[in-house]
Amino acid sequence: MSKVKDFFSKVSGMLAGKTPEPSGSDELLSDIDEIADRLSHCRKCFNLVTDDDLIEAAIYEELALRSRYAYLMKTAREKGITGRTVLK
């Protein structure tokens with residue numbers, strides 16, 4: 001339940017113009033891993049759906065996740081944090 005609360009807290013901050021930034025390197029790497037997992041799941045869903053609306057939703061979700069991934073990777077580089085998650 002706390003993940004849902006954290007998610008809505010981050011979304012609220014984004015809507016208010018604040019960009020949520022992970023505080024520590026462990027949290028940042030965890031967020032990157034989570035986004036990579038969600039992207040993998042999104043691709044699997046895209047390959048399974050046949051309805052045009054669901055295909056479009058999967059495309060938009062992947063684009064949003066890729067943007068978030070790029071932001072997190074940029075933040076990690078700026079902080080000198082290295083990890084193991086790389087998208088293909």
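This is a predicted model: local features need pLDDT of at least 70, side-chain atom pairs count only at pLDDT 80 or more; totals for chains, interfaces and linings use all residues.

Start with the core. The largest nonpolar core has 10 residues. On the list are Leu28, Ile32, Ile35, Leu39, Cys42, Leu65, Tyr69, Leu72, Ala76 and Ile81. The most comes from α2, with five residues. As background, nonpolar side chains tend to be buried together in soluble globular proteins.

Now the salt bridges. How many does a search of the whole structure find? Three.

Take glutamate 34 and arginine 38. Their side chains meet in a salt bridge at 4.0 Å, N to O. Both sit in helix α2, four residues apart, so about one helical turn separates them. Glutamate 34 is partly exposed, at 34% relative accessible area. Arginine 38 is partly exposed too, with 34%.

Next, arginine 43 and glutamate 62. Their closest N and O atoms are 3.6 Å apart. Arginine 43 is partly exposed at 27%.

Glutamate 62 also pairs with arginine 66, at 3.2 Å, N to O. Those two are four residues apart in helix α3, so again about one helical turn. Shared partners join Arg43, Glu62 and Arg66 into one network.

Last, the surface. Asp51, Asp52, Asp53 and Glu56 gather in a patch of negative charge. Aspartate 51 lies in the loop between α2 and α3. With 38% relative accessibility, aspartate 51 counts as partly exposed.

Notes: Residues are numbered from 1 along each chain as its sequence is written. Side-chain values use heavy atoms; hydrogens and water are left out. A nonpolar core is a set of buried Ala, Val, Leu, Ile, Met, Phe, Trp, Tyr and Cys residues joined through side-chain atoms within 4.5 Å. Buried means under 20% relative accessible area, exposed over 50%, partly exposed in between (1.4 Å probe, protein chains only). Patches are made of residues with over 30% relative accessible area and no salt bridge: like charges are joined within 9 Å, nonpolar side chains (Val, Leu, Ile, Met, Phe, Trp, Tyr) within 5 Å. Accessible areas come from the Shrake-Rupley method with a 1.4 Å probe; for residues, only the protein chains shown count as cover. Lys and Arg count as positive and Asp and Glu as negative; His and the chain ends are not counted. The place of a charge is taken as NZ of Lys, CZ of Arg, CG of Asp or CD of Glu.
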